[in-house]
Amino acid sequence: MRTREKLRVAMLAPIAWRTPPNHYGPWEQVTSLITEGLVKEGVDVTLFATKDSVTTAQLRAVCPTGYENNKKLDQPVWLALHVSEVFEHADEFDIIHSHLDVLPLSYSRLVDTPLVTTIHGFPSLQSPIVYRKYNGQAFYVAISDANRHPDLTYVATVHHGINLNDFSFRADPDDYLIFFGRIHHDKGTAEAIEIARQAGCRLIIAGLIQDTAYYQEQVEQRLDGKNVVYEGNVGPEKRNELLSGARALLHPINFDEPFGLSVIEAMACGTPVIAFNRGSMPELIEEGVTGYLVPNVDEAVRAVEKLPELNREECRRRAERRFGVERMVADYLKVYAQILGR
């Protein structure tokens, strides 16, 4: 393979939001972190993203902004233009690294450049149909072992990493719990409210309202501005402030979550996590060290009572050891080397 200094990577970002996102946008966030980390390692990276994206790599863009920010943009049209822009220039790169679900796979047999696809999840129940078709043609990376599909062949599992400098450690938190994530049944916002209520704790909620009906029926009517507070869809600075000041992050998910960036972001602040034991949670949370894995609301309430037993400094140390962006970038460089070495 090429030396690292000469390795040419086309990084294909989603275009729902800009890269990195101003607020919500986990796929775009991870794409940005990998891109910037590779640039620091001397890799020649071209980021294919929205025109308003911010990067130290070379930026190529056709879509003016994220289609979630501008509803006048026709999503299929701009996705077609976006993906075709990459593959029409495929011979300029040694690797194409996609974070864009299944659409780029339909081009993979038309070019000689290897396609790496980080599977951030299966947003459609029919997504595996496409992944199965190109199994063996493209190179799949899982973001957790829990999210590996039994019908697919993977080149690696690479856990997400974060820029630890963006998260401030606090040894003495304020007296509240936090829910940080999409306001949606999958994420368990209503369950978090119930856990805090039964535990007699104040709860701060922050995140994108993804399901308006759910928010109105299960969340909004329980907001009182004192014991249950909604801070909105906050940006990076407020995210750091809220996560670092919390006694714990409540993560009572109702689905098998592929990863969960807020979990490792909380740990980076020294804030332990109480999560329902589903999906990737056992891969991220070390029981009795960085948090508690529980089966239901009642056990989560009991876990709140045990929070004083956890060491916040150890939460930060474990995050530094396991979830730094440098480790993630090194893992992807190994993936590239393995593919090009073939």
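Mentor: The axes of H1 and helix H11 (residues 325-341) come within 9 Å and cross at roughly 75 degrees. This is a predicted model: local features need pLDDT of at least 70, side-chain atom pairs count only at pLDDT 80 or more, and totals for chains, interfaces and linings use all residues. Residues are numbered from 1 along each chain as its sequence is written, and side-chain values use heavy atoms, leaving out hydrogens and water.

Trainee: Why is H1 called roughly perpendicular to H11?

Mentor: Angles of 65 to 115 degrees count as roughly perpendicular (under 35 is roughly parallel, over 145 roughly antiparallel, the rest oblique). The crossing is roughly 75 degrees, so H1 is roughly perpendicular to H11.

Trainee: What makes up the contact of H1 with H11, by class?

Mentor: Ten nonpolar residues, one polar and no charged ones. Contact means heavy atoms within 4.5 Å. Val 30 and Gly 37 are among those in H1, and Met 328 and Tyr 336 among those in H11. Gly counts as polar; Asp, Glu, Lys and Arg count as charged; Ala, Val, Leu, Ile, Met, Phe, Trp, Tyr, Cys and Pro count as nonpolar.

Trainee: Okay, Asp 101 next. How do you know whether Asp 101 is buried or exposed?

Mentor: Buried means under 20% relative accessible area, exposed over 50%, partly exposed in between (1.4 Å probe, protein chains only). Asp 101 has 15%, so Asp 101 is buried.

Trainee: And what is the phi of Asp 101?

Mentor: Near 60 degrees, a positive value in a residue other than glycine. Most residues other than glycine have a negative phi.

Technical notes: Axes are lines fitted to C-alpha atoms, for helices over the stretch in contact, and angles run from 0 to 180 degrees between N-to-C directions. Helices (H or I, at least four residues) and strands (E, at least two) are DSSP runs, numbered from the N terminus.
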